[in-house]
Amino acid sequence: MPRTIKLKKGFDIRLKGVAGKKMAGSAEPDLFGVKPIDFPGLTPKLNVKEGSEVLAGAILFHDKHRPEIIYTSPVNGRVVSIERGERRKILEVVIEKRGNEAIDFGKTRHEEITEERVKESLLASGLWPIIRQRPYHIVANPHDIPKSVFVTGFDSSPLSPDYDFILENSNISHYRTGLYALSKLANGRINLVLKEKSGAGSYFSDIPGIEIHYFSGPHPSGNPGIHIHHIDPVNKGEVVWFANLQDVSILGRLLEEGIYKPEKIVALTGSEVINPQYYRILSGGSVASFVADNVRPGNNRYISGNVLTGTRIRSDGYLGYYDSQVTVIPEGNYHEFFGWATPGIGKFSFSRTFLSSLFPRKEYRLDTNLHGGERAFVVTGQYEKVLPMDIYPMQLLKAILAEDIEMMENLGIYEVAEEDLALCEYLCPSKIEIQSIVRKGIDLMIKEMS
Amino acid sequence: MNSLRKTLDKLKPHFSKGGRFSKLQSVFDGMESFMFVPDKVTFSGSHIRDYTDLKRTMTIVIIALLPALLFGSYNTGLQHFRSVGIESGIFQSFGYGFLRILPLIIVSYLVGLGIEFIAAQIRGHEINEGYLVTGLLIPLIMPIDVPLWMLALAVAFAVILGKEVFGGTGMNTFNPALLARAFVFFSYPGWMTGDTVWTAGLTAGKNIADGFSGATPLSLCVTGEISRLPSFMEMFVGTIPGSFGETSVIAILIGAAVLIATGVGSWKIMAGVFGGGLAMGLLLNAISANEYMHLPFYYQFVMGGFAFGAVFMATDPVTAAQTEKGKWIYGFLIGVLSILIRVLNPAYPEGVMLAILLMNVFAPLIDYFVIQSSINRRLKRVKVEIKTSVK
């Protein structure tokens, strides 16, 4: 019987609008966007122009520093626009879908699955970026030898999709093939992390080399960084790879069917969604195809991903590469009269300074207001309560701000990513931009180490 | 409310960059965000943020201070009327005490906030809420008869040299409120020591009733008049001479309950201070070399500023240890030092203020050792792995 790792530290933000266990069918968007900004640290080099015709699985852009890592089109169609931001930074490559043709990468039979073959398929199809690494939480380097590979089989973030439900509605064979293939990248061994009491273990327990771990506890118990920290922590000079379970099924399909078809089941969630439920959609698809009639009118924020780490998108924006969730919440651009002084029955808070803490089960409709102004670090001992790692978050943040490389190393910069400290940012009474500080620290480390 | 909002929106351009009163931008922003939570929304990172902010946190501390403030008002009146030999009712006492403390509070806020506003404007920052608490703490730990100019000077010293030169709230090494008290203590010792300063009107020395000395329990202990100590219960309730807010342990414990229930004050520090006081008290009891050492240890908790310091001063998050293990050590050492200074150093009848200020200096060192142990655990992990892989 596998051991369950029980985490006590952490916090579940009780939001309204969790997706009901209902498949609403397939969303069929016309427009698809592939966003280089989904991949921190990537310097994209375009391979297409506006007007280029592409097949599903054809290259759109590649990594300037690691040219073997390519990013491909999820569908067959034409590049209609390349959106750029400040300093001509590429924000998204937009493809208009036409027909269903795809590049044939060739089917791989089970016994043909080898390390070489898997790497080749991943790199050629543009699926390699599903594998990311710690340290740094960036796309893995194909030339590294990881000390272990983790597959994250659940999500604990606010309003996250239920992976057991997703699996019930998926082709399990794709998942099994994908897991088996990934194990080849780490000497035939692979770690699958599931939520405590998940039934998914029975689908996969007989895959050779698989080791299933169970985690329980509040968010961030589902973050790969937390799993790696507790099972096989990253020390200086070591690399651990990880991937999401749904992304692994795309690899399985690639090997079984020979095509790149990044289909996922995505939860549409949030207090402003009329009918929160699940949709089948290709990665990068425009969310307009399924949010259009299902969202309450008003000034809303659309997020690809969850409220803590997701990316702000337009109401017709595109699903992020790693996201299995779209969240819609109200914007909070209003003034509140003496807002800090009210008893706060309806004000959800990690702190116990509002009366809402007397109602431990209520769910809340929370908006994007900052609820205060930015200040220096004052209150202590809060961040530690939501980070289930042997790491001192405030001291690490201060080391990053001071750009003290050695101290950052000592305090565990190799083990964290911005998503692990997202809850610290949420609850920070001084409203400090913690996630961007962490990314700044990671960027600094990458620069220093190269 | 709406019309107020409209007025503010109309005024705002004048106080913004390029406006006529742009030099007062920080003041305007401070006032505006005091009345209205800003309409700013999240831009990067987490899309939702907790409702709590520093204003909320500071408000909770002020609420926690209210019992001590209210009882202090009553007790100040009570002590005054006792000193002149007049029987007084609760409301009469309270009214007298409240009117005595009010000018101190007003001066403390005017001077302190004034300096904060100027400092924020010079830096171009928003005004920080830290002084909201400090401004109330300072009058509560002063002798009631302290002249207002002296208070103003102490506040200015504490805020400018104790806080702003380090970069404002969050950057200071010393607890600003205690720094203000230390300033008066060392610069004007006549106003902070002796028997007459703790009771309103006693320094003027008019119409004093026979037998009333105004001596605090601690000075009785130091002068060897332990037999004249008030009863434990009297000291616990707080109807004794002393600084305005420190006398009633009951009122302070209510405040502690508020701080602990809301999580705003660290219970670990409070428990640490009392634990340290207990350990040192028991040790002195065991030695029992003189009458003061013989005094049961629990008397130490109800005399002087021990409880007030433990609950409201040691728990200041900026100047305390910042790691959870560090908080235990920090609190414990404050407790030990407080009692040590009190009992073994006759020059300072009260040891709490000096103990906390001293530990303020050592808090970063405590954190350093706690964090170093985490670093060592991380380094050890690597060594263990290298060893096992060699085998």
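How do strand 10 (residues 132–134) and strand 11 of chain A pair, in the parallel or the antiparallel sense, and over how many bridges? They pair in the antiparallel sense, over two bridges. Two is also the threshold: strands pair if DSSP finds at least two bridges between them. Gln133(A) stands opposite Ile138(A) in strand 11.

A word on conventions. This is a predicted model, in which local features need pLDDT of at least 70, side-chain atom pairs count only at pLDDT 80 or more, and totals for chains, interfaces and linings use all residues. Residues are numbered from 1 along each chain as its sequence is written, and chains are lettered from A and ligands numbered from 1 in the order in which they are written.

Now confidence. The model scores ipTM 0.91 and pTM 0.92. Chain B averages a pLDDT of 89, and 98% of its residues score at least 70. pLDDT is the predictor's confidence in each residue, from 0 to 100.

Chain A overall. Its secondary structure comes to 11 helices and 21 strands. Those are DSSP runs numbered from the N terminus: helices are H or I with at least four residues, strands are E with at least two. The radius of gyration of chain A is 21 Å, close to the 22 Å that the globule rule gives for 450 residues, so chain A is as compact as a globular protein of that length. The radius is taken over C-alpha atoms, and the rule is 2.2 Å times the number of residues to the power 0.38. Along the principal axes, the C-alpha trace of chain A spans about 65 × 50 × 45 Å.

Buried residues make up 54% of the 450 in chain A. Buried is 20 or more other C-beta atoms within 10 Å of the residue's own, exposed is 12 or fewer, and partly exposed is in between, with C-beta atoms placed from the backbone. Take contacts in chain A between residues at least 6 apart in sequence: 69% join residues at least 24 apart. A contact is two C-beta atoms, placed from the backbone, within 7 Å.

Domains next. Chain A is divided into domain 1 (3–257), domain 2 (264–358) and domain 3 (383–449). The bounds come from an automatic or database domain assignment. The centres of domain 2 and domain 3 of chain A, over C-alpha atoms, are 25 Å apart.

Back to the sheet. Seven strands of chain A form an open sheet with mixed pairing, in the order 1-14-13-12-15-10-11. The edges are strand 1 (4–6) and strand 11 (138–139), each pairing on one side only. Strand 1 runs parallel to strand 14 (residues 210–216) over three bridges, and Thr4(A) stands opposite Tyr214(A). Strand 13 (residues 190–195) and strand 14 are also parallel, over six bridges. There, Val193(A) stands opposite His213(A).

Now the loops of chain A. Pro135(A) sits in the loop between strand 10 and strand 11. The peptide bond from Arg134(A) to Pro135(A) is cis, with omega near 5 degrees. Another cis bond joins His219(A) and Pro220(A), with omega about 10 degrees. Pro220(A) is in the loop between strand 14 and helix 5 (224–231).

Two residues other than glycine have positive phi, Arg87(A) near 50 degrees and Lys197(A) near 70 degrees. Arg87(A) is in the loop between strand 8 (77–84) and strand 9 (90–97). Arg87(A) counts as exposed because it has 5 C-beta neighbours inside 10 Å. Lys197(A) lies in the loop between strand 13 and helix 4 (201–204). Lys197(A) is exposed too, with 10 other C-beta atoms within 10 Å.

On to the interface. 51 residues of chain B are in contact with 62 residues of chain A. On the chain B side, helix 16 gives the largest share, eight residues. That side divides into 18 nonpolar, 19 polar and 14 charged residues. Nonpolar is Ala, Val, Leu, Ile, Met, Phe, Trp, Tyr, Cys and Pro; charged is Asp, Glu, Lys and Arg; the others, Gly among them, are polar. Strand 21 (residues 336–337) of chain A joins strand 1 of chain B through two bridges, antiparallel. The bridge partner of Phe337(A) is Phe36(B).

Last, Ala158(B), in helix 6 (residues 148–162) of chain B. Ala158(B) counts as buried, with 29 C-beta neighbours inside 10 Å. Leaving out residues up to four places away in sequence, Ala158(B) touches Pro176(B), Leu179(B), Ala180(B) and Phe183(B).
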